[in-house]
Amino acid sequence: METHEFMIEGRNAVLEAFRSGKTIDRLYVLDGCQDGPVRTIIREAKKQGSRIDFVAKERLDQLSETKKHQGVIASAAAYEYASVEDILRRADEKGEPPFLILLDGIEDPHNLGAIIRTANLAGAHGVIIPKRRAVGLTATVAKASAGALNYTPVAKVTNLSATIKDLKEKGIWFVCADPDSEIMYRQNLTGPIGLVIGNEGDGVSRLVRETCDLTASIPMKGEIDSLNASVAAGVLAFEVVRQRMAQK
């Protein structure tokens with residue numbers, strides 16, 4: 001397993017880290033901050049036996065990578081990247097056809113965090129990212145995920161196209177976002193599926209797109225021609241959810 005250790009920042013992210021059972025070695029709290037959400041976090045820290053330090057704002061600012069700590073920062077045990085097999089096992093344990101979200105070169109940590117949050121809420125079993133030319137798990141990602149990183153596994157692979165080919169042999173088929181293709185409402189997005197979202201500027205790379213089984217677009221009615229990558233992921237992911245629910 002590959003690990004990445006960092007501070008967890010922001011009230012939602014810290015609270016969900018505690019609730020998920022993640023090991024928190026130390027909790028830093030803004031001295032004098034005793035509102036309801038912070039008291040809840042402190043209570044969870046005491047349950048786990050974490051060390052609690054009440055510190056000045058300057059100390060929190062010094063520790064913070066995001067600069068938006070909301071008065072709480074947790075020093076966490078290392079996060080582990082999952083394996084693709086872990087993600088498939090999660091689907092099997094839930095008795096559900098696999099639903100994966102694969103990201104082709106997402107570079108903005110806010111987008112990655114938001115997509116992990118969407119993946120959790122849409123019931124995706126995990127997120128797969130490439131090792132190179134893409135953002136990994138950072139404090140900003142953890143905060144932007146609003147705690148979802150503690151529940152939704154993220155796998156990191158050497159070659160996204162090769163991973164797709166391997167998963168296709170396991171019966172999973174793949175659809176990638178492409179603005180010049182058939183509208184998503186006219187596509188069959190049910191069954192074991194991998195949803196591929198491309199880079200913020202260039203979209204899905206040619207090699208990855210050619211490896212996918214089909215492409216799908218989001219209908220656009222405005223004057224501009226593109227959505228933020230995390231918004232596009234959310235729209236497409238919940239179309240998968242809608243179609244799955246319609247089958248029941």
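Modeller: One definition to begin with: buried means under 20% relative accessible area, and exposed means over 50%. Also keep in mind that this is a predicted model.

Biologist: Fine. How many residues of β5 are buried?

Modeller: Five of its five residues are buried, so by that cut-off β5 is mostly covered.

Biologist: Which residues of β5 sit on which side?

Modeller: Val72, Ala74 and Ala76 are on one side, and Ile73 and Ser75 are on the other. Both faces of the strand are covered.

Biologist: What is the strand order in the sheet?

Modeller: The order is β2-β5-β3-β4, in an open sheet of four strands with mixed pairing. β2 and β4, residues 51-55, are the edge strands, and each of them pairs on one side only. On average, neighbouring strands are turned by 20 degrees against each other, direction ignored.

Biologist: Mixed how? In what sense do β2 and β5 pair?

Modeller: They pair in the antiparallel sense, over three bridges. Isoleucine 8 stands opposite alanine 74 of β5 there. β3 and β5 also run antiparallel, joined by five bridges, and valine 29 stands opposite valine 72 of β5. β3 and β4 are parallel, over five bridges. In that pairing, arginine 26 has arginine 51 of β4 as its bridge partner.

Biologist: Now the helices. Which strands does α1 touch?

Modeller: α1 packs on the sheet and touches β2, β3 and β5. Its direction makes about 120 degrees with that of β2. Helix α2 lies across β3, β4 and β5, and runs at about 155 degrees to β3.

Biologist: Which residues of α1 are buried?

Modeller: Ala13, Val14, Leu15, Ala17 and Phe18, in a helix that covers residues 11-19. The elements that cover them include β2, β3, α2, β5 and α6.

Biologist: New topic. How many residues does the largest nonpolar core have?

Modeller: It has 56 residues, and those with the most contacts inside it are Ile8, Phe99, Ile101, Leu103 and Ile116. Helix α9, residues 229-247, gives the largest share, seven residues. Another core, of 18 residues, lies apart from it, and Ile87, Ile128, Phe174 and Cys176 are among its members.

Biologist: What does phenylalanine 99 touch?

Modeller: Its contacts include Ala122, His125, Ile193, Leu195, Ala237 and Val240, not counting residues up to four places away in sequence.

Biologist: Where is valine 240, and is that residue buried or exposed?

Modeller: Valine 240 is in helix α9. It counts as buried because its relative accessibility is 1%, under the 20% cut-off. It touches Phe99, Leu189 and Ile193, with residues up to four places away in sequence left out.

Biologist: How far apart in space are valine 240 and alanine 77?

Modeller: They are 34 Å apart, C-alpha to C-alpha, and 163 residues apart in sequence.

Biologist: Where are lysine 67 and alanine 146?

Modeller: Lysine 67 is in the loop between α3 and β5, and alanine 146 is in the loop between α6 and β9.

Biologist: Why does lysine 67 count as exposed?

Modeller: Because its relative accessible area is 56%, over the 50% cut-off. Alanine 146 has 17% and is buried, because that value is under 20%.

Conventions: Residues are numbered from 1 along each chain as its sequence is written. This is a predicted model: local features need pLDDT of at least 70, side-chain atom pairs count only at pLDDT 80 or more; totals for chains, interfaces and linings use all residues. Side-chain values use heavy atoms; hydrogens and water are left out. Buried means under 20% relative accessible area, exposed over 50%, partly exposed in between (1.4 Å probe, protein chains only). Helices (H or I, at least four residues) and strands (E, at least two) are DSSP runs, numbered from the N terminus. Contact means heavy atoms within 4.5 Å. Two strands pair if DSSP finds at least two bridges between them. Axes are lines fitted to C-alpha atoms, for helices over the stretch in contact, and angles run from 0 to 180 degrees between N-to-C directions. A nonpolar core is a set of buried Ala, Val, Leu, Ile, Met, Phe, Trp, Tyr and Cys residues joined through side-chain atoms within 4.5 Å.
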